[in-house]
Amino acid sequence: MNYQRKRILLYSVLAGLFTILLLLVSIGLNSSGYPLQGSSPTPALIPHQVDAQIVESPSQALVEVYPLVEDKPALSVELTPAPPLLEEPKLPEPSSVTLNTYVPLPAPPTASAVKGAVQSTTRPTPLPSKISIPVLNYHSVTIDPGNVVVISPAKLAEQLAYLHDHGYTPVSLATFISLIEGEDVEAAPEKPVLLTFDDGYIDNYEQAMPLLAKYAFPATLFISPGMNNQEGYLNWEQIKKLQEAGWDIQPHGMTHPHLPRLSADQQAFEILEARKQIEEKLGTKADVYCYPYGEYNKTTLKLLKDHGFRYAFTIEQGNATNQQSPYLLKRHFINGEEGLKSFIRKLSTRD
Ligand SMILES: [Zn+2]
């Protein structure tokens, strides 16, 4: 065998071996599902792997999306703009709230309303019967002819004597509250009445206190502590003496403000600071309010409710009843120029 034939034979063998090798590789790759191109073991991407990272809901706008392959564009998420937040409709704040805004408690469910009950053993509870108590609204007790908010000591003495002689029982604020809440009905006096004095005039100490003491009548005094010590107004020492004599001391704003003209913060200060000072100075609860000038608005009512006041008195005319809002109790203004007949008529009111 010469050299030329050996080379031909060698090339043939190599070509044969290479062909066999190619065939084997081809068969092997086809059966494993890999593409023929390239023989590196890089795994193919799992279909939908990108989709698996897409946020489920387009509303989750803040979830970021990371594409797993560079040549595949990241799926964009259409962001639907959030609707504007619904604001509470703002009602215009009236300078005062009408009294008929109070909605009494709903009647208890009737038997027919209790559907599905096999046998109802509960009976509908009747609404509490109306409790109506006259609350008299005094201010200054001195001599000032022509001034309707001032009553003379002589006239006050006449009125107190009338109450005493005709079976009226002036009650403390605590007793008034328990009566209006329907507690202790059997122990209730036949003709209860609440005497209130507004503003904290010094004559309440000098004139009214001794007149009431004659009958051991309690009273309720609404003060504006910011006015204390000013000319004509009580100081804390006198207020303490009144308290010892059976007067309940309650807040009437710090400076006797027109509350509806103030911001909510200013109203809060007027109402809460007055209560705080009374409670700190006298060591008693001061959670029954009286509106200066009888003025209030929705903010005032909300403040009283939010801060745990139990009751508030207006200057709306009439008896206080358990069917009025606790923050809109009525009173009878005592006009210092009126005679005893008018006073008696107010006491006889049933509404
Ligand atoms: Zn007042």
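At what angle do the axes of helix α4 (residues 202-213) and helix α5 (residues 236-244) cross? In this predicted model, the two axes cross at roughly 35°. They come within 9 Å. The crossing of α4 past α5 is left-handed. On the α4 side, the contact is made by Ile 202, Asn 204, Tyr 205 and Met 209. On the α5 side, Gln 238, Lys 241 and Leu 242 take part. By class, this contact of α4 with α5 has four nonpolar residues, two polar residues and one charged residue.

A zinc ion is held by three protein donors: Asp 199 (OD), His 252 (NE2) and His 256 (NE2). These donors lie 2.0 to 2.1 Å from the zinc ion. Their spacing in sequence is D-x52-H-x3-H. Asp 199 belongs to strand β6 (residues 191-199), whereas His 252 sits in the loop between β8 (247-251) and α6 (264-282), so the pair ties together parts that are 53 residues apart in sequence.

Sorted by class, the lining of the second largest pocket has 10 nonpolar, three polar and five charged residues.

The structure holds one cavity of 30 Å³ or more. About 30 Å³ of space lies in the largest cavity. Gln 159 is among the residues that line the largest cavity. By class, the lining of the largest cavity divides into two nonpolar, four polar and two charged residues.

How values were computed
Residues numbered from 1 in each chain as written. Predicted model: local features only at pLDDT ≥ 70, side-chain atom pairs only at ≥ 80, totals over all residues. Heavy atoms only, no water. 1 Å grid on protein atoms, 1.4 Å probe; cavity = no way out; pocket = protein on both sides within 12 Å on 5 of 7 lines; lining within 4 Å. Points joined across faces, edges and corners; volume = space filled by probe spheres on them. Nonpolar A, V, L, I, M, F, W, Y, C, P; charged D, E, K, R; others polar. Axes fitted to C-alpha atoms, helices over the stretch in contact; angles between N-to-C directions. Helix = DSSP H or I, 4+ residues; strand = E, 2+ residues; numbered from the N terminus. Left-handed = near helix turned anticlockwise from the far one by under 90°. Contact = heavy atoms within 4.5 Å. Donors = N, O, S within 2.8 Å, 3.2 Å for Na, K, Ca; no water.
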